[in-house]
Amino acid sequence: MADTHSYEVRVTWQGDLGTGTSGYRAYSRDMELSADGKSPVAASSDPAFRGDPARWSPEDLFVASLSQCHLLWYLHLCADAGVVVAGYVDDAGGTMQLGDDGSGRFTEVVLRPRVTVAQPAQVEAALALHADAARMCFLANSVAFPVRHEPEVVAALD
């Protein structure tokens with residue numbers, strides 16, 4: 001049975017500094033991301049492209065989305081397999097290559113999840129479940145570059 005899901009978001013530019021886009025340096029890249037029932041997110045472009053470094057860039061959000069998707073699938077699969085996850089932190093990173101004309105594309109994203117499981121006997125299964133999560137992740141299945149995984153799993157200390 002096919003199942004389709006739709007996602008609606010609003011992106012509101014907040015960068016008119018008085019003269020609109022009258023010149024490349026005449027406007028701010030600030031924006032707000034919102035969706036019904038969700039807290040707004042302050043966003044901008046990457047600081048390399050005149051953005052506000054205190055706000056989330058599309059590139060930050062893109063890498064974070066891949067990391068979140070893997071995390072959510074991983075937790076689901078661990079729960080189904082009886083592996084008790086007590087902690088999870090991912091220091092994910094992405095590499096983007098710019099072209100001579102200013103266009104660009106991501107060439108890879110590396111997820112580096114550090115997982116703590118409840119029991120030493122669960123470490124091996126917990127490590128193996130990362131491959132299944134990678135295979136199931138909706139977003140990783142939608143990109144045209146590799147999403148690599150460098151997981152680490154340890155057992156909680158008593």
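Buried residues make up 27% of the 158 residues in this chain. Buried here means under 20% relative accessible area, exposed means over 50%, and partly exposed lies in between, with a 1.4 Å probe and protein chains only. A word on the source: this is a predicted model, where local features need pLDDT of at least 70, side-chain atom pairs count only at pLDDT 80 or more, and totals for chains, interfaces and linings use all residues. Residues are numbered from 1 along each chain as its sequence is written, and side-chain values use heavy atoms, with hydrogens and water left out.

Overall layout, then. The chain has two helices and nine strands. Helices are DSSP runs of H or I with at least four residues, strands are runs of E with at least two, and both are numbered from the N terminus. From the N terminus on, the order is β-β-β-α-β-β-β-β-α-β-β. The radius of gyration is 19 Å, well over the 15 Å that the globule rule gives for 158 residues, so the chain is more spread out than a compact globule. That radius is taken over C-alpha atoms, and the rule is 2.2 Å times the number of residues to the power 0.38. Along its principal axes, the C-alpha trace spans about 65 × 40 × 35 Å.

Contacts next. Contact means heavy atoms within 4.5 Å. Take the contacts with a separation of 6 or more: residues 24 or more positions apart account for 53% of them.

Now the sheet. Three strands form an open sheet in the order β4-β7-β9, with mixed pairing. The edge strands are β4 and β9, each pairing on one side only. Neighbouring strands of this sheet are turned by 15° against each other on average, direction ignored. Two strands pair if DSSP finds at least two bridges between them. β4 and β7 pair in the antiparallel sense over five bridges. Gly-87 has Thr-116 in β7 as its bridge partner.

α1 lies across β4, β7 and β9, at about 165° to β4. α2 also lies across β4, β7 and β9, at about 155° to β9. For these angles, axes are lines fitted to C-alpha atoms, for helices over the stretch in contact, and values run from 0 to 180 degrees between N-to-C directions.

Stay with α2. Its 14 residues should span 20 Å at 1.5 Å a residue, and its end C-alpha atoms are 20 Å apart, which agrees. The expected span is 1.5 Å times one less than the number of residues. Which residues of α2 are buried? Ala-126, Leu-129, His-130, Ala-133 and Ala-134. They pack against α1 (58-81), β4 (85-90), β7 (113-117), β8 and β9 (152-155). An α-helix has 3.6 residues a turn, so residues three or four places apart point the same way.

His-130 is buried, with a relative accessible area of 2%. Leaving aside neighbours within four places in sequence, His-130 touches His-70, Tyr-74, Tyr-88, Pro-113, Val-115, Pro-151 and Val-153. A polar contact of 2.9 Å joins the side chains of His-130 and His-70. A polar contact is a pair of N or O atoms within 3.5 Å; within protein, one must be able to donate a hydrogen and the other to accept it, and residues adjacent in sequence count only if both atoms are side-chain atoms.

Last, Phe-138. Is Phe-138 buried or exposed? Exposed, with a relative accessible area of 55%. Phe-138 lies in the loop between α2 (123-136) and β8 (147-149). Not counting residues up to four places away in sequence, Phe-138 touches Cys-69 and Trp-73.
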